[in-house]
Amino acid sequence: MASAAEQLASNLNFAAFAKAEDLKKRIWFTLGALFVYRLGTYIPLPGINPDAFAQAFQQQSGGVLGMFNMFAGGAVERMAIFALGIMPYISASIIMQLMTSVVPTLEALKKEGEQGRKIINQYTRYGTVLLALVQSYGIAVGLQGGNNIVSNPGLFFQISTVITLTGGTMFLMWLGEQITARGIGNGISLIIFAGIVAGMPAAISGTLELSRTGALSTGLVLAIMVLAVAVIAIIVFVERAQRRLLIQYPKRQVGNRMFQGDTSHLPLKLNTAGVIPPIFASSLLLLPATLAGFSNTQNLPSWASTILTALGHGQPIYMFLYGAMIVFFAFFYTAIVFNPKETADQLKKHSGFIPGYRPGERTAEYIDYVLTRITVIGAIYLVAICLMPEYLIAATGVPFYLGGTSLLIVVSVTLDTVAQVQGHLIAHQYEGLIKKSKLRGGKRGR
């Protein structure tokens, strides 16, 4: 089966794509949904003074708001109806993953298969609504505290803002689910991807403009382009890298015939935690600066000002804490999403074993040992990818738009989307082969 799939994948071409009508419909649906999302990032929130908010945003663009604005495709900068973006849903999903590891009831639901997964997804939606309500209320209060940002502050503005922003998040969640079901898959990831990529043309043109005016040398711009290509190649390699553990199944007898035992592999990704560690680390480090920005920095005590200065972009303490937090969350989140004991129990249940290790506890210990070793490599990789843009910004002053987190998301989503398209093409070719075989069988019967 694997060799047949590889042969089909190698024969994928534009002719096969042209015949895949269902795939083309899915792609057009996905593009249409992403267009609706991008359109919503330009619809402003009612009751906002755009000029006053733009001025206030520029003062906070280096904090958490700047990162959220990148993920929201510029909707925060324009304070659009999609300003919250899809981040409440992502936060709720992460919280639910954590809770399924510590709450016995949720852990039992997780093991119930498809039905349990539907219930957990419903709980995630409820959590998304709750987080969106809290965050949108905080935004409404924060906007009213600004200088002339809100035209008519009061209870009506707060209610309308909460309803609008929460509704925008719920619509994006629904849109992501529709892309997953009726499009080419990875709906939530594609929405984030579209938001990040939407800012790339302006960032590239801004860098070229700096080169044209002489603010940046041509050699430096070329070096950054070469470095970006090299980093993307490294991300592609590492994100596809796996440590495969050999799984062997015993011989089995059916009637009077003895069948040889099968072998398979247990793939362990080098970067099991994905982009979660950089997101968590950057959010926690940028939070103090963002909170201080909403208050009067002139009234802060000297020790608080010293801490804020030390936590600024490019500062040694900031980079050290950023790297340390990435390493911590890489191990922490890997332990949450991958349970060696549960995997060992599943192997034992299906009579599978790793050669040289007894099924059960010894197998779990070995899987945990291998997973820990590769997570060390994955954590070092994440630290290198995320700190390199920070170092470039601090050393050269180049406005490096695609930071480590955003670059990881763009490359990972691109790879997953290509895999989804190839999967649909392979399925289409399989259907064609099955139809041909049925036609041949029918002709022979006649």
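Of the 87 residues in the largest nonpolar core, those that touch the most other members are Ile48, Ile86, Leu143, Ile235, Leu245 and Tyr322. A nonpolar core is here a set of buried Ala, Val, Leu, Ile, Met, Phe, Trp, Tyr and Cys residues joined through side-chain atoms within 4.5 Å. Buried denotes a relative accessible area under 20%, exposed one over 50%, and partly exposed a value in between (1.4 Å probe, protein chains only). The model is predicted, and local features need a pLDDT of at least 70, side-chain atom pairs count only at pLDDT 80 or more, and totals for chains, interfaces and linings use all residues. Residues are numbered from 1 along each chain as its sequence is written, and side-chain values use heavy atoms, with hydrogens and water left out.

In soluble globular proteins, nonpolar side chains tend to be buried together.

Two helices were examined along their length. Helices are DSSP runs (H or I, at least four residues), numbered from the N terminus, and the expected span of a helix is 1.5 Å times one less than its number of residues. Helix α3 (residues 21–40) has 20 residues and reaches 29 Å from its first C-alpha to its last, close to the expected 28 Å. Its buried residues are Leu23, Arg26, Thr30, Ala33, Leu34, Tyr37, Arg38 and Gly40. Seen down the axis of α3, these residues fall within an arc of 160 degrees and therefore line one face of the helix; the arc is that of the directions from the helix axis to the C-beta atoms. The face of α3 turned away from the buried side carries the exposed residues Lys25, Trp28 and Phe35. For helix α12 (residues 218–240), the 23 residues should span 33 Å, and the end C-alpha atoms are 34 Å apart, which agrees. Buried in α12 are Val221, Ile224, Val231, Ile235, Val238 and Glu239.

Eight aromatic pairs are found in a search of the whole structure. Rings of Phe, Tyr and Trp (its six-membered ring) pair if their centres lie within 6.5 Å; planes under 30 degrees apart count as stacked, over 60 as edge-to-face and the rest as tilted. The pair of Phe82 and Phe171 is stacked, because the ring centres are 5.9 Å apart and the planes lie at 10 degrees. Phe82 lies in the loop between α5 (64–71) and α6 (87–102) and Phe171 in helix α9 (residues 155–182), so the pair ties together parts that are 89 residues apart in sequence. Phe82 is buried at 5% relative accessibility, whereas Phe171 is partly exposed at 32%. Phe328 and Phe332 also form a stacked pair, with 5.9 Å from centre to centre and 15 degrees between the planes. These two residues are four apart in helix α15 (residues 316–337) and are thus separated by about one helical turn. Tyr37, Phe82, Phe171 and Trp174 form one aromatic cluster.

The loop between α5 and α6 also contains Met79. Met79 has a positive phi of about 45 degrees although it is not a glycine, and it is buried, with a relative accessible area of 4%. Most residues other than glycine have a negative phi.
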